[in-house]
Amino acid sequence: MARKVTLCSWLGVAALLALFLLGFLVGWSVKSGTKSMAPAAVHQNARKQLLAEMKAENIKAFLRSFTKLPHVAGTEQNRLLAKQIQTQWKEFGLDTAELVHYDVLLSYPNPSSPNYVAITDDHGNEIFNTSLFEPPPPGYENISGVLPPYNAFSAQGTPMADLVYVNYGRTEDFFKLQREMGINCTGRIVIARYGKIFRGNKVKNAMLAGAKGIILYSDPADYCAPGVNPYPEGWNLPTGGVQRGNVLNLNGAGDPLTPGYPAKDYTFRYEADNGVGIPKIPVHPISYHDAEILLRFMGGSAAPDESWKGKLNVSYNIGPGFSGAHSARKVRMNIHTNNKITRIYNVIGTIKGKVEPDRYVIFGGHRDSWVFGGIDPTTGAAVLQEVARSLGKMVMKGWRPRRTIIFASWDAEEFGLLGSTEWAEENAKILQARTVAYINTDSSIEVDSDGLPRDPVDRRIEQAVRRAFDAAAGSLRASVAGSMFSRAVFLWIRELLADFDVPAEISSPDAGFESKSLYESWLEKDPSPENARLPRINKLGSGSDFEAYFQRLGIASGRARYTKNRKVDKYSSYPVYHTTYETFELVERFFDPTFSKQLAVSQLRGGLIYELADSLLLPFNCQDYAGALRTFANGIYRLAKEHETQLEKYQVSFDHLFSAVANFTKEAADFHQRLSQLDKNNPLALRRTNDQLMLLERAFIDPLGLPGRPFYRSFGAHTVLLYAHENPVRHIIFAPSSRNKYAGESFPGIYDALFDIESRPDQHKAWEEVKRQISVAAFTVQAAAGTLKAEL
């Protein structure tokens, strides 16, 4: 490649886990937890043995085995892969390994009526058609079972209309078109480039704008790193590459036909055409080669500014329609995707706890992929397999964790997080009562060989992450929604660094950081903007299997992975995301030739599972949660202050929220004072304290959920509210953005109430909703503070 792209490491754990993670770090700093569960040497030695047991060559072998053939959810090959994983888990020494099935709505192309987009002449004749398939990568020409590029759950249809370019299809892009440029998308087909937000949000925005259909493509500006060749010579997206993906807007509903309930044979189902979150307009992805042809002769207004221009050799005119001699031409979509109820299979394994078998630490990630899944998800599935093997080997040698570890290989994540959500729905009552934390193991790398890790962490789990991190991996970036866990991760990593004498066991896998620990490279490459002495921990949004556990059940959650350096790398995700070019060879040649980064992530995730499952005292710290609450309350207040005149006019006050945060801060300090005096030899006192730590996150769950996000389903042109009281997005402190599922927002109810408030026709009603959401947030924080008290 012409130049190496500088990459950053990131550690990620879910929102709740984020807050608890930061506190977890503090807990480790005072050494009040894990090491007291047993003699320190025993605990440290077992952890060291676990991390040393993990091998890069094993991860490589798992990755190669799992990516030989396409394994889309609901296919026979993915069922066989589930059986293979189940068999291996039994061989590894896990106590149980079972297949758990659900019958969910999935979506596939029609093999006899392919999907494509056409340009028509003034007589309606098609004079250009987009490609039906991606050119196969070398060595895969004769592989069967590769589905053509499509957007799962697209509506069927053949709309024909003028084309309008809508940039990324974000809310602000449609505002620009409609409010500032006077361009109406009603009755037109829009084309948007991938990136910035979840594709399903793009589709929802197009529907709200009245579009008849939407075309998606990957622009080289967003999916080609400068100076890097296209695959197979490099790791950039080839001209014929197409990103697949679902376009649902589920709000965490899981199976579209059984929202809120597991998709078993006894469950009532809605009709397949009327499921939750299914778009009512056709959607189709195309390559940037084909997109350039569609955009080449666009007429109408020029792009409003440079942010609307990509790297194609076109003007990026907005339209509507084509220009000059081409003005009579239209665009026609030919979409025939079928939705059908299909059986999927989760693999659920366990290692039973020896002291608290009724307390669970869940380690789960999906295995289904759009094609071969070389990066997404199999770099995560291979890590899950190596962690399971390593822990199983320790069990066979006589070790057992204090708490039960549950391993999960989820199915149908790519179709809307279905496998993980259905299992959460089926076991919701027991999981809410007994689960300590959920750690996600989706893709472990998303960068080339010079990259760094990053991702979200729940602050409650953060201390554990930190301890695992220094022992395991290189530079890291964390994204969190909870503070207790974030700090816990940092401390854990620092403590691990002190625990080990051999530098090779704790060194960063990043180029140029060979003499430093993973924690040190993470801190150096991406310090926190709030505290330069700590690495960055970001809020977790959605887009992977932690969603139901954190957002609906209030279980501390997190994940960790290597990804691009956001400061210098402007492309979205990794270039070949969800294409046929995600192969084993892509990883072996470009992303992680030595498999050292995947080993680092394996050690980090595995070490985190160990700390959560085997610590005497859970490594969570409420005081870091308190600090995060102050930060988030100040942030939402600053946002509201942009409307200072309206705050005064409608008598909107944040005083009660700030008072609740102050009360939480006091109770957290009192709790940790009592913690320092805890008799760890008293099993009842220890159990009560651990339960307070475990259940704190549940206190931030509102049973009524966030406004504007209940289950909906569509009947033809009409959208009907199913259950006003049933909302799966329930966390009052953290939630996925309502305008971008991938991003996280703090105090999301207040944030959504403030968004675009100046355009609301009834200003009094709009500001009353802001006051209501402040009230809900204040109550929730105050109630959470009460759970930390010694008694009522």
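Predicted model: local features only at pLDDT ≥ 70, side-chain atom pairs only at ≥ 80, totals over all residues.
**Whole chain**

Start with everything shown and coloured by secondary structure. The protein has 24 helices and 23 strands. Now colour by burial: of its 792 residues, 65% count as buried.

**Helices H3 and H18**

Select residues 56-66, which form helix H3, and residues 596-614, which form helix H18. Two packed helices are described by the angle between their axes and the distance between the axes. Here the axes come within 9 Å and cross at roughly 100°. An angle from 65 to 115 degrees counts as roughly perpendicular, so H3 and H18 are roughly perpendicular to each other. Show side chains where the helices meet: H3 brings Ala56, Ile59 and Leu63, while H18 brings Gln598, Leu599 and Ser602. By class, this contact of H3 with H18 has four nonpolar and two polar residues, and no charged ones.

**Gly607**

Stay on helix H18 and pick Gly607, which is found there. Is Gly607 buried or exposed? Its relative accessible area is 0%, under the 20% cut-off, so Gly607 is buried. The line spans 9.0 Å, although Gly607 and Val387 are 220 residues apart along the chain.

**Helices H21 and H22**

Move to residues 655-676, helix H21, and residues 683-695, helix H22. How do the axes of H21 and H22 cross? They come within 12 Å, at an angle of roughly 150°. Angles over 145 degrees count as roughly antiparallel, and H21 and H22 are therefore roughly antiparallel to each other. The crossing of H21 and H22 is left-handed. To see the contact, show Phe671, Arg674 and Leu675 in H21 together with Thr689, Gln692 and Leu693 in H22. By class, the contact of H21 with H22 has three nonpolar residues, two polar and one charged.

**His284**

Select residues 283-286, strand S11, and pick out His284 within this strand. His284 has a relative accessible area of 2% and is buried. Which residues is His284 in contact with, leaving aside neighbours within four places in sequence? Among them are Asn115, Tyr116 and Val117, along with Pro149, Tyr150 and Asn151.

**Ser420**

At 1% relative accessibility, Ser420 counts as buried. Leaving aside neighbours within four places in sequence, show what Ser420 is in contact with: Trp410 and Asp411, then Asp545 and Tyr549.

**Cysteines**

Finish with two cysteines. Select Cys185, which counts as buried at 0% relative accessibility. Then select Cys622, also buried, with a relative accessible area of 0%. A disulfide is a covalent bond between the sulfur atoms of two cysteines. How many disulfides does a search of the whole structure find? The search finds zero.

Key
Residues numbered from 1 in each chain as written. Heavy atoms only, no water. Axes fitted to C-alpha atoms, helices over the stretch in contact; angles between N-to-C directions. Helix = DSSP H or I, 4+ residues; strand = E, 2+ residues; numbered from the N terminus. Parallel < 35°, antiparallel > 145°, perpendicular 65-115°, else oblique. Left-handed = near helix turned anticlockwise from the far one by under 90°. Contact = heavy atoms within 4.5 Å. Nonpolar A, V, L, I, M, F, W, Y, C, P; charged D, E, K, R; others polar. Disulfide = S-S within 2.5 Å. Buried < 20%, exposed > 50% of the residue type's maximum accessible area, 1.4 Å probe, protein only.
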